[in-house]
Amino acid sequence: MSTTGAAADPLAALGSLPGVADSVESVRKAVDRVYGHRIMRRRGNEITSEAALRGARGSAALSGADWALEEVRRRTDFSVGEEDRTVGAALRLTAEAGQLLSIWRQSPLRVLARLHLVAAADRGDAVGRPRRSGEKADEPLVELSLPDADEVAGRLEGLSQLIIAGGSAPALVTAAVVHGELIALRPFGSHNGLVARAAERIVLIGSGLDPKSICPAEVGHAELGRAAYLAALDGYVSGTPDGMAAWIAHCGRAVELGARESAAVCEALQRGAA
């Protein structure tokens, strides 16, 4: 998302695109329904923990490690193969995201570096910093053209300035732009999708939309499927109003499905307690 010559609050301007207000309202209602569930008053911590596990599983699936939930739940060693490491990275990022909320609004680039460090701690001197000139990005399943290092640096700085400045944009819009921009740029040499989805989670939590992190958008993104994810991402990268609106709507639907997942967990716990 280029910010050159943009309006004073370009994220808020995206909120006026056709259909975006409806997506924002639909997401808010879905989130409120989960938070209003009677189980949340007594067992909210359990819902948060389960949402974290399911969110990590969904994010890993979008990066090529599509494991059954029970397999993720039972595993303790994630060091053997590439898929194992992807799932392990997703779990670490989900745990780390909640620890970085206070830093995000002041220094989003520092948070992104930390997220990459957590995800890719075994990648040598390329860990925790954006790609340099000539360096490639290894991102499974994303075949978009790769911006060069100068463009990455400029757009990351622009994104950082927008976040620090704040503004009146709905949380869904900001989260979708952060997610889309990071996937489009793939600023790191690896794990960009995992980092982008963790950053989306941070925005949704820190904005107050989902403060207890019980509506994992990653679950919804995985449920909607890789093909729909990549098609919506193409819309974001196009930069057209219709494309941007479609990406925001896709992210909104993902949050709604994450909320539905946690609502189902609440219902299961309630039946078990009856």
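Predicted model: local features only at pLDDT ≥ 70, side-chain atom pairs only at ≥ 80, totals over all residues.
Local features need pLDDT of at least 70 and side-chain atom pairs count only at pLDDT 80 or more, while totals for chains, interfaces and linings use all residues. Residues are numbered from 1 along each chain as its sequence is written, and side-chain values use heavy atoms, with hydrogens and water left out.

The C-alpha trace spans about 60 × 45 × 35 Å along its principal axes. For 274 residues, a compact globule would have a radius of gyration near 19 Å, and the 18 Å of the chain agrees with this; the radius is taken over C-alpha atoms, and the globule rule is 2.2 Å times the number of residues to the power 0.38.

Turning to the helix pair, H5 (residues 82-97) packs with H7 (residues 108-119) at an angle of about 145 degrees, their axes lying 8 Å apart. Axes are lines fitted to C-alpha atoms, for helices over the stretch in contact, and angles run from 0 to 180 degrees between N-to-C directions. From H5, Ala89, Arg92, Leu93 and Glu96 meet Arg114, Leu115, Val118 and Ala119 of H7, contact being heavy atoms within 4.5 Å.

Finally, the largest pocket is lined by 18 residues, and Arg105, Ile163, Thr174, Val203 and Ser207 lie nearest its centre. A pocket is an open set of points on a 1 Å grid over the protein atoms alone, where a 1.4 Å probe fits, with protein on both sides within 12 Å along at least five of seven lines; lining residues have an atom within 4 Å of a point. Helices H6 (101-104), H8 (149-165), H9 (171-185) and H10 (192-206) are the elements that give two or more residues to this lining. H10 gives the most, with three residues.

Definitions and conventions: Helix = DSSP H or I, 4+ residues; strand = E, 2+ residues; numbered from the N terminus.
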